[in-house]
Amino acid sequence: MKELHVDRVAETVSRLCREANNHLPPDVLQALERAQAKEESKAGKRIISLILENAKAAADEEEPLCQDTGTTVVFLEVGQDVHVVGGALSEAINAGVRRGYQEGFLRKSIAAHPFTKRLNTRDNTPSIIHAEIVPGDQLKIGVLTKGGGAENMSRMAMLKPSDGREGIVNFVLETVSRAGGNACPPSIIGLGIGGTYDYVAYLAKKAITRPLGQPSPDPDNATLERDLLEKVNDLGIGPLGFGGRVTALAVHVESYPCHIASLPVAVNIQCHSARYKKAVL
Amino acid sequence: MPITIQRETGLKVLTPPLADEEVLALHAGDEVLVTGYIYTARDAAHKRMYEALERGESLPFDIRGQIIYYVGPTPAKPGKVIGSAGPTTSGRVDKYTPRLYEAGLKASIGKGDRNQAVREALQNHKGIYLAAYAGTGVLISRNIKEVQPVAYEDLGTEAIVRLRVESFPCTVMNDAYGKDLFQMAKEQWQRVRVG
């Protein structure tokens with residue numbers, strides 16, 4: 001049993017919040033460069049250039065890439081041989097978020113109650129924490145700072161098994177089409193298929209965190225990813241909705257077995273400012 | 001103020017207050033620069049302004065001829081005027097927007113498309129809707145030279161502030177003639193139709 005003090009968790013989360021918000025990951029930068037080469041529309045090309053220029057400026061000046069520094073979504077892989085000591089793990093994560101957002105001059109964007117006064121909690125807590133128990137003695141922490149604009153354009157549906165692959169494809173296209181320029185394309189489409197009503201949304205979000213350029217290990221999912229990317233880009237929405245060939249940088253599919261009566265589908269859209277950083281303790 | 005042309009780029013420069021004739025000289029697809037004073041407002045500030053107008057009260061600033069920018073910036077680091085300051089989704093304030101154009105607003109700046117009611121308000125009250133380039137908040141912050149609080153300071157990042165901007169780059173998405181660049185772009189580039 002490995003002991004891990006909560007202070008290390010808080011410190012790591014704090015650092016990841018700042019790094020994620022100020023530094024676009026290399027795989028996203030490379031995908032944007034490929035998109036820039038591929039884009040045929042003049043306005044689209046110009047917008048991708050600005051996005052790349054902005055990423056460089058943010059990194060150089062340690063400024064947040066976007067004013068929407070997001071809901072802090074934390075993905076944990078907790079090794080079953082890790083013993084967290086010194087306090088509560090979830091409190092340590094939120095302490096890290098609080099510190100990272102305050103010290104990093106990041107925007108605090110969380111409303112304390114969703115439909116009453118919507119008062120700002122003023123420290124970006126509470127975060128959303130997803131945890132999986134895995135073998136081993138490591139704690140893996142991933143921080144996704146998820147902007148509201150693209151999140152608002154995300155949708156889920158309980159399709160009929162008879163809707164099949166075609167039903168899934170149509171639902172994705174409909175969702176991306178309705179999102180238009182609001183979701184800050186070129187986006188990453190996280191597609192969850194299967195599981196249950198709650199689990200499918202988690203799959204879609206987890207799909208976003210997969211490195212760009214890495215297809216699904218499941219051959220059927222990988223084919224669906226390729227087909228969908230082509231179709232999504234045929235929608236012509238283009239960078240920020242200004243029209244063009246590149247509406248999405250990638251489609252990532254995560255699937256899971258499901259009930260014989262069900263076909264849950266969730267589409268979680270990630271804007272071009274795809275901010276995800278992880279660490280292993 | 002009359003529209004001028006920036007010599008280096010050939011782009012039109014808009015300086016509020018804008019009159020009908022300036023708005024009517026702009027068309028969907030025009031790239032423009034905004035220089036001068038503009039006002040920020042997001043969801044919560046819009047709700048308050050809308051409610052004030054409905055009660056017959058005046059707004060915290062004279063809205064006639066002005067430009068509202070939908071933005072909630074990150075906090076300014078020491079020595080900086082403002083943090084990252086790109087546009088937020090315009091559609092969330094569509095409910096309140098026609099009332100503001102009716103009260104004299106001439107332009108709004110945000111990201112994403114507008115609903116039918118807003119597009120009609122632009123035609124009825126001679127207004128325009130501009131898009132700033134979303135997700136380039138660091139670059140945009142360089143065009144912001146001064147920040148002055150105006151109202152609703154309790155709203156924090158959602159308060160109304162007056163920004164002095166210089167050569168703030170935008171594109172006219174919706175003009176006063178009913179043209180919509182989002183729609184035009186889609187028609188030009190789409191190869192597949194959905195529902």
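## Salt bridges and the model

A salt bridge here is a side-chain nitrogen of Lys or Arg within 4 Å of a carboxyl oxygen of Asp or Glu. With that in hand, here is a network to look for: Glu61(A), Glu63(A), Lys80(B) and Arg142(B) are linked by salt bridges. Over all chains, the structure holds 31 salt bridges.

This is a predicted model, in which local features need pLDDT of at least 70 and side-chain atom pairs count only at pLDDT 80 or more, while totals for chains, interfaces and linings use all residues. Residues are numbered from 1 along each chain as its sequence is written, chains are lettered from A and ligands numbered from 1 in the order in which they are written, and side-chain values use heavy atoms, with hydrogens and water left out.

## Where the two chains meet

Let us start with the contact between the chains. Chain A brings 42 residues to it and chain B brings 42 residues, where contact means heavy atoms within 4.5 Å. The size of an interface is often given as the accessible area lost when the parts come together. Between chain B and chain A, the buried area is about 3,600 Å², and carbon and sulfur atoms give 57% of that. Buried area is the accessible area (1.4 Å probe) that two parts lose on being put together, summed over both.

Between chain B and chain A there are 5 salt bridges. There are also 22 residue pairs in polar contact between chain B and chain A, with both residues at pLDDT 80 or more. A polar contact is a pair of N or O atoms within 3.5 Å; within protein, one must be able to donate a hydrogen and the other to accept it, and residues adjacent in sequence count only if both atoms are side-chain atoms. On the chain B side that touches chain A, at least two residues each come from helix H5 (137-141), strand S8 (160-174) and helix H6 (181-189) of chain B. H6(B) gives the largest share of that side, 5 residues. Helices (H or I, at least four residues) and strands (E, at least two) are DSSP runs, numbered from the N terminus.

The residues on this side of chain B divide into 18 nonpolar, 13 polar and 11 charged.

Lys80(B) is partly exposed at 36% relative accessibility, and Glu61(A) is partly exposed at 28%. Buried means under 20% relative accessible area, exposed over 50%, and partly exposed in between (1.4 Å probe, protein chains only).

## Salt bridges within chain A

Lys205(A) and Glu151(A) form a salt bridge through their side chains, 2.7 Å from N to O. The pair links distant parts of the chain, 54 residues apart, with Lys205(A) in helix H7 (residues 197-208) and Glu151(A) in helix H5 (residues 148-151) of chain A. Lys205(A) is buried at 10% relative accessibility, whereas Glu151(A) is partly exposed at 30%.

The side chains of Arg165(A) and Asp227(A) also meet in a salt bridge, 2.9 Å from N to O. Arg165(A) lies in helix H6 and Asp227(A) in helix H8 (residues 219-233) of chain A, so this pair ties together parts 62 residues apart in sequence. Arg165(A) is partly exposed at 43% relative accessibility, and Asp227(A) is partly exposed at 28%.

## Two buried residues of chain A

Ser177(A) sits in helix H6 (residues 164-179) of chain A and is buried, at 15% relative accessibility. Leaving out residues up to four places away in sequence, Ser177(A) touches Leu235(A), Ile237(A), Lys186(B) and Val194(B).

Asn21(A) belongs to helix H1 (residues 6-22) of chain A and is buried, at 0% relative accessibility. Among the residues that Asn21(A) touches, not counting those up to four places away in sequence, are Glu63(A), Tyr101(A) and Arg275(A).

## Cysteines

A disulfide is a covalent bond between the sulfur atoms of two cysteines. Counting a pair of cysteine sulfur atoms within 2.5 Å as a disulfide, there are 0 disulfides over all chains. The sulfur of Cys271(A) is 5.8 Å from the closest cysteine sulfur, in Cys184(A), which is too far for a bond. Cys271(A) is buried, with a relative accessible area of 11%, while Cys258(A) is partly exposed at 35%.

How values were computed: Nonpolar A, V, L, I, M, F, W, Y, C, P; charged D, E, K, R; others polar.
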